[in-house]
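Subject: Handing over the structure

Dear colleague,

Please find below the structure I promised to pass on, followed by some notes on what was found in it.

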Amino acid sequence: MKAPDIDLEKLNKFKEENFKERLKFIDRYADWIIDKSNEEWSSEHTEFINAQFQKAEEFIKRLSKEKNGAEKIMKAYNIKNQKGYPALLKPNMRKV
Amino acid sequence: MEIKFLNKEISMKKEINILDRLAIDFVSILDKSKVEYVFVSGYVCILFGRSRASEDIDLIIERLSFTQFRKLWGNIYNDFICINSSDIKEAYNEYLSKNIALRFARKGGFVPNIKLKFPKIDLDHFTLKEKIKVVLNDNVIFISPLELQIAFKLYLGSEKDIEDAKHLYKIFKDKINLELLYDFNRKLKIVEVFDKYLR
């Protein structure tokens, strides 16, 4: 199979427009934060941030159950202090 | 958003998330150990509401002798663990002294974690010297000057970094020293990037 011809100029323009859209979103989101009370924006923000770690925990739990899961986790998270993580080899004891 | 920003001090009350809790708990150890520090990079943006995830919090601490570091390591190890190494000499000689960050997480865990390093470049020293005090609820933490943070993110230049800069600028443009920001922009040669994405 051969890769098709690619119009790099068009692709770069698309990439730039995409990024500008992202920046517009950042703008609107910051406006939303500025307008809201700390209680309101931080409550939603905390939920969002904490959910990322919940997802990470679920991912690590799943990975730890796979074959060589502990080794994959050590590699993925660049854990060099393997002695410090005996529970990684016992998934039910591990906390993220 | 209610923020008080006066004379290098920001006061803000908000709901604390997992990253904030990690930052607060870790600096209580640095305070106890009398070690100067400053938070830099992504966490500074997330602290003020940027909606993106980060698995680590970047922290610059003052350069310590091995004896000073041993004391700090002992205090850290009450509640945290070093992800890179279990050996204090290796941690100091092969990581910190070679400007490689050490990563610390709560015992048994590895995300999120603190990426701790010594100051390496002139701007790191500037950041430590000119840090901003943040009173977060009843806790005190120190962060990088926002003018430098915004300019440096633009200098780094990835989409994520420019988005971080945009968020901070939008939140603080009426409160920061714009002359200082423009001076950083000139010196980091990012005036065009600033005009293109942040104006």
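Predicted model: local features only at pLDDT ≥ 70, side-chain atom pairs only at ≥ 80, totals over all residues.

Residues are numbered from 1 along each chain as its sequence is written, and chains are lettered from A and ligands numbered from 1 in the order in which they are written.

Chain B

Along the principal axes, the C-alpha atoms of chain B fill a box of roughly 50 × 35 × 30 Å. Its secondary structure comes to nine helices and nine strands, which are DSSP runs numbered from the N terminus (helices: H or I, at least four residues; strands: E, at least two). Of the 199 residues in chain B, 42% are buried, where buried means that 20 or more other C-beta atoms, placed from the backbone, lie within 10 Å of the residue's own, exposed means 12 or fewer, and partly exposed is in between.

Chain B is divided into domain 1 (4-144) and domain 2 (147-199), with bounds that come from an automatic or database domain assignment. The contact between them takes ten residues from domain 1 and eight residues from domain 2, two residues being in contact if their C-beta atoms, placed from the backbone, lie within 7 Å. On the domain 1 side, helix H2 (42-47) and helix H5 (122-129) each supply at least two residues.

The core

The largest nonpolar core has 61 residues, and those with the most contacts inside it are B:Phe39 and B:Phe104; such a core is a set of buried Ala, Val, Leu, Ile, Met, Phe, Trp, Tyr and Cys residues joined through C-beta atoms within 7 Å. This core draws at least three residues from each of the two domains of chain B. Leaving aside residues up to four places away in sequence, B:Phe104 touches several residues, including B:Ile76, B:Phe80 and B:Leu116.

A residue of chain A

A:Lys24 lies in helix H1 (residues 8-35) of chain A and is exposed, because it has 11 other C-beta atoms within 10 Å. Its C-alpha atom is separated by 28 Å from that of A:Ala56, 32 residues apart along the chain.

Best regards
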